[in-house]
Amino acid sequence: MPRRFALAPLACALAIHALPAQVHADTAVPPASTLQQADYDIPAGSLEEALLAISQRSGKAIAFDQAQVAGLNAPAIHGRLTPQQALDTALHGSGLGHSSTPSGALRIHATSATAPAAAPVTPAAAPRLGAVQVIGTRRSDVSALQGSAPVDIIDGEALRRTGHDSLARALETLVPSVTYPQINGTDGVSAQRPVLLRGLAADQVLVLVNGKRRHASAFVNTKATLGRGSQAVDLATIPVSAIDHIELLRDGASAQYGSDAIAGVINIVLKDQDHGGEAQASVGQYTKGDGFSRSLSGWKGFSLPGDGYLTLSAEGVESERTSTAGTDLRQFYPAGDSREADADRHWRYGSPGLDDWKIGVNAGAFVNEQTELYGFATYQDRTAESQAVFRRPIDANNITSVYPNGFLPLLDVRSRDAAATTGVKYDDPLLGRFDLSATYGRNRIDYHVGDSLNASLGAASPRSFDAGALVNDQAQLSLDHVKEFSVGYGAGPLVFSSGLAWRREGYEVIAGDTASWAQGSVLAGRAGGAQGFPGTQPSDEGSYSRKVFGGYLGLEQQLTQALQLGLAARSEHYDDFGTTTTGKFSLRYDFTEQFGLRSTLSSGYRAPTLGQIGTSATQTEFLAGDPTAYQVGTVSVDTAVARALGASDLKPEKSTNVSLGLVWQPSEAASLTLDAYQIRIKDRIALSETLRGTTVSQILASQGYGNYSGVSFFTNALDTRTHGLDLIGSYRLNLAQVGELTLTGGFNWSKTQVTDVKDNPGPLAGTGVILINREALSYVQSASPQSKLVLGADWRRGPWQANFTTLRYGRYTLDSNAGTQFDQTFASQWVSNASLSYDVDSALTLTVGANNLFDSYPDKIDVANRFVGGRVQYQSISPAGAEGAFYYLKANYRF
């Protein structure tokens, strides 16, 4: 019988010298990449299982002769080790050794003639092993460290060591190119803050889970803040405890993965453990005394028949609201009222309280040698308890018989998110690898307003309201195929990849209860609708859907030991706007074993979301000196009134991405990468201003919207150019008796310029109406820091571990619609995080830590720009927030 080799699955390169402390860019040579460390906790057992576990934990492909290892056992493997150290432990006394192959895999082989004789093996006894694959390539012999595009690998343990319960916040702490502004007090935005990659919009990055497209949130950001106009994936729906690692591709990839992959791709890989488990509990609070948080999380692995696994994860977080500094200096009571001296001038304004529960499941099993069944799912139920602006006793829309001292409307935003995928993989030496899958995801957001009233209904108004709901769902079928051809030339096979995908997308706007939006007649001159967050009106309801069908082709090859090339093309047809076609060319050339060059050139696109097409909402406002209640709103581009104002069907955004990078590894313990990029985007979608003026009023009246004072709609308004660079480095020192120290650093600089603002559409031409104002343009160009520096140090010695991270956010500028004299540039800010852990025993670890250790705050808003009487002193776009130092305690128990 011929001897067969197996390639252990690559859970995609984990735990590489952490940026802080576990983000690492690609290194130049495969042998050096085997020196990356990870935390191992592998029980004693069969050598086959130990090799598989080492491969999954280290991210290294391990090739071995199954007959040679059959019947051999491995001792327990514990501690923070390199793959070589873990293999040395596993192979001790077996007569086997290991070495690196040219492709970067590790090969197990006999070291002496006295090696123990191998027991015979039957096909049923052989481990079922999957293909090696990482984001950005379809090759099975390339790790994340060897590709032509930059990929960061963030280990799940690194995410948890940040001390953040939010996946987005943990990513922002670890990755220089990720921005996650701590937006406060802006309705639903504070419940779902945008995650930005390379300074681009939140929906210009594609999110995958286990390589499958994730559905977007139902929330569409229509507020004046960062992320305005976007409808993005909500990363907070994924339990951090369920994550094995994250692959972050910092490169355009629409030709490989489809719509949205303009800035890059985030692939969340779930744990696939068949044994063991962990439980974690933590408590923390801000030093100013608010925001108390407590969390419980854990996971457990179970074995299934067919060499299968089932991993269950759960997570629960409860946190209280915070309140940032500031005093409301407005007059609260009528002149001469003695209550003025005791007015509540420090009403709550800050981050929302959270009640957040998540579960995850990931499973797989083999039917036979070639066929694997798999499935995974997540579910989240989260309520964010936010607030609007305080209504003073003397405000026109307060009813003093109801609220004699004024009131603070509360907004509860409940998000229920579910997603499930099932599929089958088939691997045949002649036909190649097939992956057939079906995925469905759905997000529903419900808005509930409390401690409020509808002033137009008088004192009989309800105090709480159901203000409506939004639903977004997505169903997808996909078939992927990869085949390697021996073509007789080159240093490796020609890898041919292809695939087909069908997708249905849906979006629905649901009206709130009548009192939440109605304009009553009891006090007809007062504002209608729930104060703080008027409900969705029946006229704004709508249901939208579309279907997408597409396919892709790819070719990749290692032409020589130094040169690799790749080509990809994708075409997709949308039944609402037509067909898009994109392509990508990639190259890598290693001049020496220490120094290499990589580059990509690609086109990309982002389809307008159904939320951007269908969003419609109405609010009531009053104009100065006019007692009449007027309505303003965002209208769908499909409505007659939007068309009369010049709105047209939304087109896909189209991009061109160019990148060039250098990879240098001067020694086994040090590496440095530098990647420069330029991204041009044409027809970028933006939300217009609330359009007003004589011409607008005439058009509104002619369309039956005479009671509207202004409306806004989405439009392909902008062309932009983004250029920047990423610098990533690490250096590992073994200090003998002092311990092991890993130093890491990362820097991102990016700048976006609006190169063109489209002219007003025909009906508004020459009217002086401004389609996109200065403030909105600054959210695109300058309101996000142009630079971000991340420095980290991770020290270990025996049972002790210490981690220190410092981040520097560069300057950012917010322009004012009131004129350049009100523009403000905010200074750079340093934020430091630290933690100290102690292993009580092999199962229990205790940690004390602090985020924003030195209680750093951003610049305050200039006095002339402050609103609500000066109560809001900090800009909501601050990248690190304005809540100060947060201290926490954490306990981890492994079993």
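Which residues touch the most other members of the largest nonpolar core? That was my opening question for this predicted model.

**Entry 1, the cores.** I looked through the 50 residues of the largest nonpolar core and found that Tyr447 and Leu645 touch the most other members. Then I noted a separate core of 34 residues, with Leu159, Ala168, Leu200 and Leu235 among them.

I listed the contacts of Leu645, leaving out residues up to four places away in sequence. The list has Val696, Ile699 and Leu700, then Val711 and Phe713, and finally Pro761, Pro763 and Leu764.

Next I turned to a charged residue, Glu372, which I found in strand E20, residues 371-387. Does Glu372 count as buried or exposed? It is buried, and yet Glu372 has no salt bridge. I looked for the nearest side chain of opposite charge and got Lys425, 4.7 Å away.

I stepped back and counted twelve helices and 42 strands in the protein chain. Of its 895 residues, 61% count as buried. I also checked contacts with a separation of 6 or more: residues 24 or more positions apart account for 72% of them. Last, I looked up the surface: the chain exposes about 32,700 Å², with 57% supplied by carbon and sulfur atoms.

Note on methods: Residues are numbered from 1 along each chain as its sequence is written. This is a predicted model: local features need pLDDT of at least 70, side-chain atom pairs count only at pLDDT 80 or more; totals for chains, interfaces and linings use all residues. Side-chain values use heavy atoms; hydrogens and water are left out. A nonpolar core is a set of buried Ala, Val, Leu, Ile, Met, Phe, Trp, Tyr and Cys residues joined through side-chain atoms within 4.5 Å. Buried means under 20% relative accessible area, exposed over 50%, partly exposed in between (1.4 Å probe, protein chains only). Contact means heavy atoms within 4.5 Å. Helices (H or I, at least four residues) and strands (E, at least two) are DSSP runs, numbered from the N terminus. Lys and Arg count as positive and Asp and Glu as negative; His and the chain ends are not counted. A salt bridge is a side-chain nitrogen of Lys or Arg within 4 Å of a carboxyl oxygen of Asp or Glu. Accessible areas come from the Shrake-Rupley method with a 1.4 Å probe; for residues, only the protein chains shown count as cover.
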